[in-house]
Each structure stands twice: as structure tokens, then as C-alpha cells.
Amino acid sequence: MATIVVMPQLGNSVESCIIVEWMIAEGDTVAVDQTLASIETDKSTMEVPSTAEGTVLKLLWEEGDEVPVKDPLIIVGDPGEDISGLVPGGESASESAEATAAPEQGAAAPEQAAPAFATERATGAVSPRARALAASSGVDASAIAEGSGPHGRVIERDVAAAIAAGPTLTSAARAAGVSATEGTGIGGRVSVADANRAPEANAPAAVSAPAPAADFPGASTSSPLKGVRKVVAKRMMESLTTTAQLTLNTSANAAGILALRKKVKNADEALGLNKITLNDLVCFAVSRTLPKYPVFNAHLEDGVLTEFEQVHLGFACDTPRGLLVPVIRSAQSLGLKAFSDEAKRLAGAAIDGTLSPDYLSGGTFTVSNIGSFGIETFTPVINLPQTAILGVGAITPRPVLAPDGAVGVQQRLNLSLTIDHQVIDGADGARFLRDLVAAIENIDVTVLA
């Protein structure tokens, strides 16, 4: 009996996933737990295992499609099995794959109510890959009457066929009934102006044509935002439009933190301290400062402020898929080595795309460190629904005046704190930075507390 395999719920915060690549094809035999596809959530890339065994009778989505969790993904069953009651639109796998067998005479298919997931989508639906190809080729995807995807969805091969078929009419030219073999619009589109353009029949061939002028506006590519980039774009705009953000800048004497980093780097490898970084030390100091300021370790949602006892510290991580923020849970209770080890585990999994989405949510405060790029100060954007975020800049030399009047040089660590002025006053932000600076400058004592 045919079985439907659905898109799994990969973490409590995931609502949909994008199919990056199918690992199987229709007609393949699959086993339970065999990888079906590589998918991308709004936070990471993962693999989908099969929950059934048998022959793949139908792939219900194209690569690049965004699939809601728990929606049907593929149909698995016995070769040749009738799945017309399961496939959206009522088409069986055999019919869609150039079936040659004649239907059984006198056999009547039992009436079945269409499954909930087989309801028609909105007319004119276009897959992300089809939309990107259409935009880069100057093709109006909405002009394709019906696609070959599920429920008539326009997919990439439909756009490719439209490109091969000839020039595309603009919407105005199509309404005016214009017909022409080639157009002068963007991407070769036929416009209304092309209706009055006289054909140059029997025109003598030019002996030497001048070099064609560069097209205006020139080559370009367009693609819809998706995955991590789409989520980041949405959250950044929401953050800036729903909060009153104020950034305070200061710096800390980096002598102590540099000295401790040098000590642990050169320590006996058996201690496991060699991989502790400057960012680990700064984040560790943050985890020890936050409990003194509950309003900084908080969420503000719909006018309700929720302060947390435990520090669930998020740290911005640059990955091939974009910006991710893994969360070190209960950071205030971890020793320095355990803190550093957990940060390495989370960062590595985030970069590899294997981190569970559950570890990318629930943070109560975030640290963003771009000092390694030479950035001294910047304005970090609050990670909603949190109330504050710390930006860590580069360590830079600054002139200092000694008590005896001599001028020296001091290495200073730059810090930028953005607060939500709805619930945090500037003076409180200054006090938080004052205590954080003290924790960093006396890091050898901080790690012992």
C-alpha cells in the first residue's frame, strides 16, 4: 500500500523548509532512514530521512520549493501501484512518466475525497527557481498559462521552455494583441512599440557592422531572498521599526585579557585550555555581568517584559548560509573551559549546517564580535525579542598619560552596547558597561568567581 512521507518537524521553531537537493529520484528503491533530500530551514541545512520503504512513486516538490512542515513530501509504494487518489491533481506516477499500459476495461476507480493537502494553490504560483530564471532572462513568468508542477505551478523547466519558444510579450503588448518575431524591450521582450516597427525585408547585408553598443542597463541577476537571508532581512527590519534603539560606546584595557589568553594558549595541552579565545573570555565576562542587570537579560513582547534568571547567551556566527546565532544555554553556570567547549561545538555545527534549530532560539542576550575584521565600533541591531546586544570591536592602541606625565600606549578593547530605550535607560546602559569593563579588565579574577 502506498505511503506518504511528510516533511518532518525539525525543531519547535521551524515552520517550513526549502528543498536544496533531492538525493533520490522517482523509480528508486528507498529504505527506512535513507536520506531523501537535503533541506534548508531558516537557520540551518539538514537531511530528511525516509520513514517508509519501497519504490519512490512520486516526488511532490521541486528543488528550490519551500515546503511546510508535516506536508506530504514523496509517495512510496509498490511499482505500478495506483496513487491517483494521493497525488495532488489526481495524476498518478505512472501517468506522469509516459505510461504505455492501457487502462483496465470496466474497472472503475473508487471515489475518494481529495486529501486536504491536494487543494488548489493560488493561480499563477511560481517556484523560487523559476522566478529567478524568469527575472534573469526577461521573461514574464505570470504570462505562462499553466505550469507543469503540482497544481499547475510554474517551475524552472516551464520558464526554460518559454525562453526557447521565442520572445516574450510585455503585459501591455499582450493586451494590445501585438505579434512580432523579435522585440526591442529588456531581455528581448516584445513591446507595443514593436507593433509599428517595419520589417527590414531584403535589406542588404552590411559589409562591416560597427561594434554593438553595450546593452542598457547591462547584465544582471535577480533572485528572491530565501532561507537564512530572508529571515535575517525580516528580523532586522522588525527590530529597527519596533524598538527604540540607542547605542553606547566605550573601551576596556585589554592588557589583562591578552595576558590570560597568552597563558591558556601556552598551557599544557592536557588541560584542554589551548583553544580558549579572546571572544570566549569576553562572552564569559558578559555571562557573569548579566545576572546583576535582569532587564538586560530579558524579552520584551507585546508590552510585556520577561526577565530571566538564567543567561542563555547567543553569539553571532558567520556561516556559509549567512548570519546565525547559536545559544549557549545557562551560560552563567559554566566554567571557562566548559563555556569555551560549548561555544566551539555550537559554532562548528552552525558552520557545517548540522546544528539543531532548537539551539538557534531562546537566547536572552546576544554578543556580536566583528573585531577580527578590524572594525573598531559599530551599531549592533537588537535580536528580537531581546532588550540589548553587545558589539565587540577590534583591540586598538591608544595613547595614555602616566601619573608621572609620561605618554604611553595602551591596548584597548572597543565595546558597543545597543539597548532598547523603551525599557532600559541610558544611565543603566552606562552602568552595565562600567561593570562589564571591570570584569574584562580583571578577567583573571572573573574566571575564579
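How many bridges join β4 to β5, and do these strands run parallel or antiparallel? Five bridges join the two strands, which run antiparallel. Strands here are DSSP runs of E with at least two residues, helices are runs of H or I with at least four residues, and both are numbered from the N terminus. Two strands count as paired if DSSP finds at least two bridges between them.

This is a predicted model, in which local features need pLDDT of at least 70 and side-chain atom pairs count only at pLDDT 80 or more, while totals for chains, interfaces and linings use all residues. Residues are numbered from 1 along each chain as its sequence is written, and side-chain values use heavy atoms, with hydrogens and water left out.

**Overall make-up**

The protein has 449 residues, of which 40% are buried. Buried means under 20% relative accessible area, exposed means over 50%, and partly exposed lies in between (1.4 Å probe, protein chains only). Its secondary structure comes to 10 helices and 18 strands. Among contacts between residues at least 6 apart in sequence, 62% join residues at least 24 apart; a contact means heavy atoms within 4.5 Å.

**The four-stranded sheet**

Strands β4 and β5 belong to an open sheet of four strands in the order β5-β4-β2-β7, with antiparallel pairing. The edges are formed by β5 (45-49) and β7 (66-68); each has a single partner strand, so one side of each is left without a neighbour in the sheet. On average, neighbouring strands of this sheet are turned by 45° against each other, direction ignored. The axes behind this angle are lines fitted to C-alpha atoms, for helices over the stretch in contact, and angles run from 0 to 180 degrees between N-to-C directions.

Strand β2 (residues 16-22) is joined to strand β4 (residues 35-40) by four bridges, and this pair runs antiparallel. Ile-19 stands opposite Ile-39 in β4. On the β5 side, Ser-38 has Glu-47 as its bridge partner. Five of the six residues of β4 are buried, so β4 is largely enclosed by the rest of the structure. In a regular strand the side chains alternate between the two faces of the sheet.

**Nonpolar cores**

A nonpolar core is a set of buried Ala, Val, Leu, Ile, Met, Phe, Trp, Tyr and Cys residues joined through side-chain atoms within 4.5 Å. The largest one holds 52 residues, and Phe-296, Leu-313, Phe-365, Leu-390, Leu-417 and Ile-440 touch the most other members. Helix α8 gives the most to this core, with seven residues. Beyond its neighbours within four places in sequence, Leu-390 is in contact with residues including Val-286, Phe-365, Pro-380, Leu-417, Leu-433 and Leu-436. Another core, of 29 residues, lies apart from it and includes Cys-17, Ile-39, Met-46 and Leu-57.

**Salt bridges**

Side chains of opposite charge can pair when their charged atoms come close. A salt bridge is a side-chain nitrogen of Lys or Arg within 4 Å of a carboxyl oxygen of Asp or Glu. By this rule there are six salt bridges, and the table gives some of them.

| Pair | N to O distance |
|---|---|
| Lys-344 and Asp-280 | 2.4 Å |
| Arg-345 and Glu-342 | 2.9 Å |
| Glu-441 and Arg-412 | 4.0 Å |

Glu-441 lies in helix α9 (residues 426-441) and Arg-412 in strand β18, so this pair ties together parts that are 29 residues apart in sequence. Glu-441 is partly exposed at 31% relative accessibility, whereas Arg-412 is buried at 17%.

The salt bridge between Lys-344 and Asp-280 has its ends in two helices: Lys-344 lies in α8 (residues 336-352) and Asp-280 in α7 (residues 278-289), so the pair ties together parts that are 64 residues apart in sequence. Lys-344 is partly exposed at 33%, while Asp-280 is buried at 4%.

Arg-345 and Glu-342 are three residues apart in helix α8, and therefore separated by about one helical turn. Arg-345 is partly exposed, at 39% relative accessibility.

**Thr-418**

Thr-418 lies in strand β18 (residues 407-420) and is buried, at 0% relative accessibility. Its side chain makes a polar contact of 2.8 Å with the side chain of Thr-247. A polar contact is a pair of N or O atoms within 3.5 Å; within protein, one must be able to donate a hydrogen and the other to accept it, and residues adjacent in sequence count only if both atoms are side-chain atoms. Not counting residues up to four places away in sequence, Thr-418 touches Gln-245, Leu-246, Thr-247, Thr-379, Pro-380, Ile-382, Thr-387, Ala-388 and Ile-389.
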